[in-house]
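Please read the text alongside the sequence and the coordinates.

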Amino acid sequence: MSHIEAPAERPLGVGILGAGPVTQAIHLPALARLQDILEVRHIMDVDPAVASSVAARVGAVSSSGMDALLSDPGVDIVAICSPHQFHADQVIAACRAGKQAVLCEKPFAMNGEEAARIADASAATGVPIVVGAMHTFDPGWLAAEQNWGDLPERVHTLRSSIVLPPNARFEDFATEIITRPAAGNPDYSDIGVIKALMQGGIMGLAIHDLPLVRRFTPDFGDIEVLQARHVRPSGYVVSLRTPTRVIELRAVMNSTWKPEWTFEAIADDSALHIDFTPSYVQAGSAVATFSRDGQATSYGPYGHNGYEGEWRHLAELARGTRQAPSAQTLIDDLTFALAISEATVQNVAAGQAAAEKAGANA
């Protein structure tokens, strides 16, 4: 009697809205390692030449309109990698198109009203949504989560510290980016420029770690900015507090010789320290280290990083083998980030105004 093996499940089809640096340097390399479960089938970009060129790299169909991608029956999962002002409408359209799961790059909405509309669309259609905060899918972080015990209740200080060269350097390590915009020279004397840089720093860089910070901050709804400062050419130093936590966010992007991305959660007698690999680098997982009473225990590195982890997560959601995340968790993460961004910008503006007033009275 011959044995007949069950046919393997076909790879799920991926469609990507937006073919810029995140798609080219992050998602396509990650998906290339997951060809047994995921297959890029459609690339859309408003620039037809970019869409065609990037799609040709992976043997995918290309288009310059969202409707063509959403109506493609070969697309099971939609990744939204477009400019952030389009995210909400595109997430909702992908849900209504009957896709099996949606990945949206951060931030997935620009305000609470957009976030609520997305949550309603996801609930109405049953389509799960994942936000591309890659650190929450890193196996190093997940190992920490499984082993930290009661540390979240005992923590008093949280730190996110990022030292990176400009993204272009890492993008060039990963791939040849098509249509890179020319770099400008910001006018640092213009408070509008500084406010935009600070907002971009929080919502574009710090936002990767803010869901981690929030896991250790039960009173995250009551947050105060103590100090906010822009660091040239591109960075920030922000000190915050809640009634029970002190939070420090630091970042600088310059020509550093040694990139570093760390997260720390510190209690009186113990601490968690996580070393993440830099963004845009396909270099394995984070390493999480617990320290207590002079003893250190480390977890990692593991065989894949958070970029790959989020795609594995999406595939499980699309196949129904993993429970969909709570929309409220996504909304709380966004609300937390928006509150910090707004308060930080206001703090910087107030400081600039006070400095100008002091100068005028001197």
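## Conventions

Helices (H or I, at least four residues) and strands (E, at least two) are DSSP runs, numbered from the N terminus. This is a predicted model, in which local features need pLDDT of at least 70 and side-chain atom pairs count only at pLDDT 80 or more, whereas totals for chains, interfaces and linings use all residues. Residues are numbered from 1 along each chain as its sequence is written, and side-chain values use heavy atoms, with hydrogens and water left out.

## The chain as a whole

The protein chain holds 12 helices and 14 strands. Of its 362 residues, 49% are buried, where buried means under 20% relative accessible area, exposed over 50%, and partly exposed in between (1.4 Å probe, protein chains only). The accessible surface of the protein chain comes to about 16,800 Å², and carbon and sulfur atoms account for 52% of that surface; the areas come from the Shrake-Rupley method with a 1.4 Å probe, and for residues only the protein chains shown count as cover.

Contact here means heavy atoms within 4.5 Å. Among contacts in the protein chain between residues at least 6 apart in sequence, 69% join residues at least 24 apart.

## Helix α5

Helix α5 spans residues 112-125, and its 14 residues reach 20 Å from the first C-alpha to the last, close to the 20 Å expected at 1.5 Å a residue; the expected span is 1.5 Å times one less than the number of residues. The buried residues of α5 are Glu114, Ala115, Ile118, Ala119, Ala121 and Ser122. Seen down the helix axis, these buried residues of α5 fall within an arc of 160 degrees, so they line one face of the helix, the arc being that of the directions from the helix axis to the C-beta atoms. An α-helix has 3.6 residues a turn, so residues three or four places apart point the same way. On the face of α5 turned away from its buried side are the exposed residues Asp120, Ala123 and Ala124.

At the N-terminal end, Asn111 caps α5, with a side-chain oxygen 3.2 Å from the backbone nitrogen of Glu113. Such a polar contact is a pair of N or O atoms within 3.5 Å; within protein, one must be able to donate a hydrogen and the other to accept it, and residues adjacent in sequence count only if both atoms are side-chain atoms. Just after α5, Gly126 takes a positive phi of about 75 degrees.

## Helix α6 and its surroundings

In α6, the buried residues are Pro139, Gly140, Trp141, Ala143 and Ala144, and they pack against α10, β11, β12, β13 (287-292) and β14 (295-299). Asp138 caps the N-terminal end of α6, a side-chain oxygen lying 2.7 Å from the backbone nitrogen of Gly140. After α6 comes Gly149, whose phi is positive, near 60 degrees.

## Salt bridges

A salt bridge is counted when a side-chain nitrogen of Lys or Arg lies within 4 Å of a carboxyl oxygen of Asp or Glu, and by this rule the count comes to 17. In one of them, the side chains of Glu145 and Arg215 meet at 2.3 Å, N to O. Glu145 lies in helix α6 (residues 139-147) and Arg215 in helix α10 (residues 210-215), so the pair ties together parts that are 70 residues apart in sequence. Glu145 counts as partly exposed at 28% relative accessibility, and Arg215 counts as partly exposed at 40%.

Asp269 forms a salt bridge with Arg154, the closest N and O atoms being 2.7 Å apart. This pair links distant parts of the chain, since Asp269 is in the loop between β11 (260-266) and β12 (270-276) and Arg154 is in helix α7 (residues 151-154), 115 residues apart. Asp269 is partly exposed, at a relative accessible area of 35%, and Arg154 is also partly exposed, at 27%.

## His208 in its loop

His208 sits in the loop between α9 (191-204) and α10, where it is buried, with a relative accessible area of 7%. A polar atom of the His208 side chain lies 3.0 Å from the backbone oxygen of Leu205. Not counting residues up to four places away in sequence, His208 touches Lys106, Ala133, Met134, His135 and Trp261.
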